[in-house]
Amino acid sequence: MLLIPFQSSSGRIVGGFVVPVEDVPFQVSLSWNGSDHFCGGSLLSKRWVMTAGHCAYPEDTKLKVRVGSSQHASGGQLINVNKIYRHPEYYAVKIDYDFALLELAEEVQFSERCSPAELPSSNDRIEEGTCLQVSGWGSTQNPAESSDVLRALYVPKISQEECTRAYSEKNKVTDRMFCAGYLEGGKDNCHGDSGGPLVRGKTLVGLVSWGVGCAEAGHPGVYARVAAVRDWVKEISGL
């Protein structure tokens, strides 16, 4: 299988469950026309969204964000992106520093269906085995499941040593990355979940970044570590 960012226009989480947006009110969908979802993201404030660097191109002038809806193609608010800030050290080949900030063209109206995630501190560390939640509209690899509604999945944090071993022949796992999931496979994020939130409670600890296949044994999901770029987030957004 190829080493690829989890980016595509199809489906949702593999092995997860349907979740109402009220339970993940920071979850957003990225598209160019309001209906063709291709990546997820997280609301940080009334004007800022965080997503993966491989989901955002600074020259893109048509990017839209849907907030406050369990459906990626309807409901909530559909807002234009005013400016895209991709991390200056983003490296597409190795998928390192896989972060981008989106400045919205208008303010989001907060409600029970739409509110920001909390940001971790720059020295935040997640203990091995910690239960985390990932959500999105990525591929379920199951044609019997609808591709229209939001899904979520609980995944345990995997040690950095185990994460490095899992990908020793594929890519370097840097300090900006960590793994969460099941080494036996069967449950994972997948194509279309890219950039979406991995949270501990309401704290945004990771972004769906890359992996080998989806839910494959021996290859847990790799996430971009938000704490590693906390200073950059503050510099760009003031948050």
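This briefing covers the barrel, the nonpolar core and the salt bridges of the structure above. The model is predicted: local features need pLDDT of at least 70, side-chain atom pairs count only at pLDDT 80 or more, and totals for chains, interfaces and linings use all residues. Residues are numbered from 1 along each chain as its sequence is written, and side-chain values use heavy atoms, with hydrogens and water left out. Six strands close into a barrel. The structure also holds four salt bridges.

**Barrel**

- The strand order around the barrel is S3-S4-S5-S8-S7-S6, with antiparallel pairing.
- From one strand to the next, the twist averages 40°.
- Helices (H or I, at least four residues) and strands (E, at least two) are DSSP runs, numbered from the N terminus.
- Two strands count as paired if DSSP finds at least two bridges between them.
- Axes are lines fitted to C-alpha atoms, for helices over the stretch in contact; angles run from 0 to 180 degrees between N-to-C directions.

**Strand S8 and its partners**

- Strand S5 (residues 48-51) pairs with strand S8 (residues 100-104) in the antiparallel sense, over four bridges.
- Helix H2 (residues 230-237) packs on the sheet and touches S5, strand S7 (77-86) and S8. The direction of H2 makes about 25° with that of S8.
- Val49 has Leu102 in S8 as its bridge partner, and Met50 has Leu101.
- On S7, the antiparallel pairing with S8 runs over five bridges. Val81 stands opposite Leu104 in S8.
- Four of the five residues of S8 are buried, so the strand is mostly covered (buried means under 20% relative accessible area, exposed over 50%, partly exposed in between; 1.4 Å probe, protein chains only).

**Nonpolar core**

- A nonpolar core is a set of buried Ala, Val, Leu, Ile, Met, Phe, Trp, Tyr and Cys residues joined through side-chain atoms within 4.5 Å.
- The largest such core has 42 residues. Leu30, Leu43, Met50, Val65, Leu102, Leu104 and Leu204 touch the most other members.
- Elements giving two or more residues to this core include strand S3 (27-31), strand S4 (39-43), strand S6 (64-67), strand S13 (203-212) and H2.
- S8 supplies the largest share of this core, four residues.
- Leaving aside neighbours within four places in sequence, Leu104 is in contact (heavy atoms within 4.5 Å) with Leu43, Lys46, Arg47, Val49, Val65, Ile79, Asn80, Val81 and Asn82.

**Salt bridges**

- A salt bridge is a side-chain nitrogen of Lys or Arg within 4 Å of a carboxyl oxygen of Asp or Glu.
- Asp96 bridges to Arg176, with the closest N and O atoms 2.7 Å apart. Asp96 sits in the loop between S7 and S8, and Arg176 in the loop between helix H1 (160-166) and strand S11 (177-180), 80 residues apart. Asp96 counts as buried because its relative accessibility is 9%.
- Arg200 bridges to Asp124, with the closest N and O atoms 3.2 Å apart. Arg200 lies in strand S12 (residues 197-200) and Asp124 in the loop between S8 and strand S9 (131-136), so the pair ties together parts that are 76 residues apart in sequence. Arg200 is partly exposed at 28% relative accessibility, whereas Asp124 is buried at 15% relative accessible area.
- Glu162 meets Arg165 in a salt bridge (2.9 Å, N to O). They are three residues apart in helix H1, so about one helical turn separates them. Glu162 is partly exposed at 26% relative accessibility, and Arg165 is exposed at 53%.
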